[in-house]
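Please open the structure in your viewer and keep the selection tool at hand, so that each stop of this tour can be followed on the screen.

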Amino acid sequence: MQNPHSDAAAPSASTLALYREAFKKHGRSEEALLWGKNKQAVRFAALCRHIPDCPGSLLDYGCGLGDLIPWLRAHRPAMTYTGADAVGEFIASNRTAFPGHDFRLITIPGDVIGRFDHVICSGVFNLNPDRDHESHWLHVRAAVLALFAKTKISLHIDFLAHDTDFRKPSAYHQDAKELVRFVETQVSKRYCLDRTYMPYEFCISIFADLEIVRERNVYTALR
Ligand SMILES: C[S@@+](CC[C@H](N)C(=O)[O-])C[C@H]1O[C@@H](n2cnc3c(N)ncnc32)[C@H](O)[C@@H]1O
């Protein structure tokens, strides 16, 4: 049995098959990622809100079709991008679409060699066709811990919200309160939950630098 301190589980064969089928049918598009359309710019702006526009390294874990790259070029041009995903077809297609960028075929965070200033993880936990809610939540916790270990400065993760009036079959919706309880107690007390950009999605930003200016009791990173 998995525990949240062990490494995250790889995506199931059914999860990978859903993305592969969608890619075969729709090609390079948001439909291939099983996302609703035309929301990427809003989502990326929220995920990168706390990432400054200065030189640094960024891992896009579960990068899909690398849609974050054009957004970064426009809004964080100094960032060095690495994409990692478990679907080989996405990675192969990205290498053609975005030559010169580093793309890695992986199935768990522990497969990614190196540590990065910032880690983005957008929509990676949206599907759980084979796992019940509890075991997917266990997988999410293990993945958050493993991704945080890859982060030098900040980790930013997007989820489908739990309080929606509509759910697609096989979709995983995260209870924000449960996530916050977990992050506070097991990951870092320095975090920020953002529900301001879409009614049915939210993101959490988790920061690694906990150093405090003692005499003022403020985080050194904010000085
Ligand atoms: C909804 S798509 C989002 C893609 C991209 N992050 C974006 O925002 O456009 C989710 C992606 O996560 C990938 N994925 C799911 N589980 C994964 C895992 N354990 N390791 C790596 N990639 C995974 C899928 O292959 C898919 O490309």
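The tour goes to the ligand and then to a pair of helices.

Before selecting anything, keep in mind that this is a predicted model.

Begin by selecting the ligand together with its surroundings, where you will find 19 residues around it, the closest being Gln40, Tyr61, Gly62, Asp85 and Ser122. If you colour this shell by class, it shows 12 nonpolar, six polar and one charged residues.

Next, select Trp35, whose side chain has a polar atom 3.4 Å from an oxygen atom of the ligand. Moving on to Gly62, look at the backbone, where a polar atom is 2.6 Å from a nitrogen atom of the ligand. At Thr107 a backbone N or O atom likewise lies 3.1 Å from a nitrogen atom of the ligand. Taken on its own, the ligand has 600 Å² of accessible area, and the protein covers 98% of that area.

For the last stop, select residues 133-149, which form helix H5, and residues 176-187, which form helix H6. These helices pack with their axes 11 Å apart and at an angle of about 40°, and H5 and H6 are therefore oblique to each other.

Note on methods
Residues numbered from 1 in each chain as written. Predicted model: local features only at pLDDT ≥ 70, side-chain atom pairs only at ≥ 80, totals over all residues. Heavy atoms only, no water. Near = heavy atom within 4 Å. Polar contact = N/O pair within 3.5 Å; in protein donor to acceptor, adjacent residues only side chain to side chain. Areas by Shrake-Rupley, 256 points an atom, 1.4 Å probe, with all protein chains shown as cover. Nonpolar A, V, L, I, M, F, W, Y, C, P; charged D, E, K, R; others polar. Axes fitted to C-alpha atoms, helices over the stretch in contact; angles between N-to-C directions. Helix = DSSP H or I, 4+ residues; strand = E, 2+ residues; numbered from the N terminus. Parallel < 35°, antiparallel > 145°, perpendicular 65-115°, else oblique.
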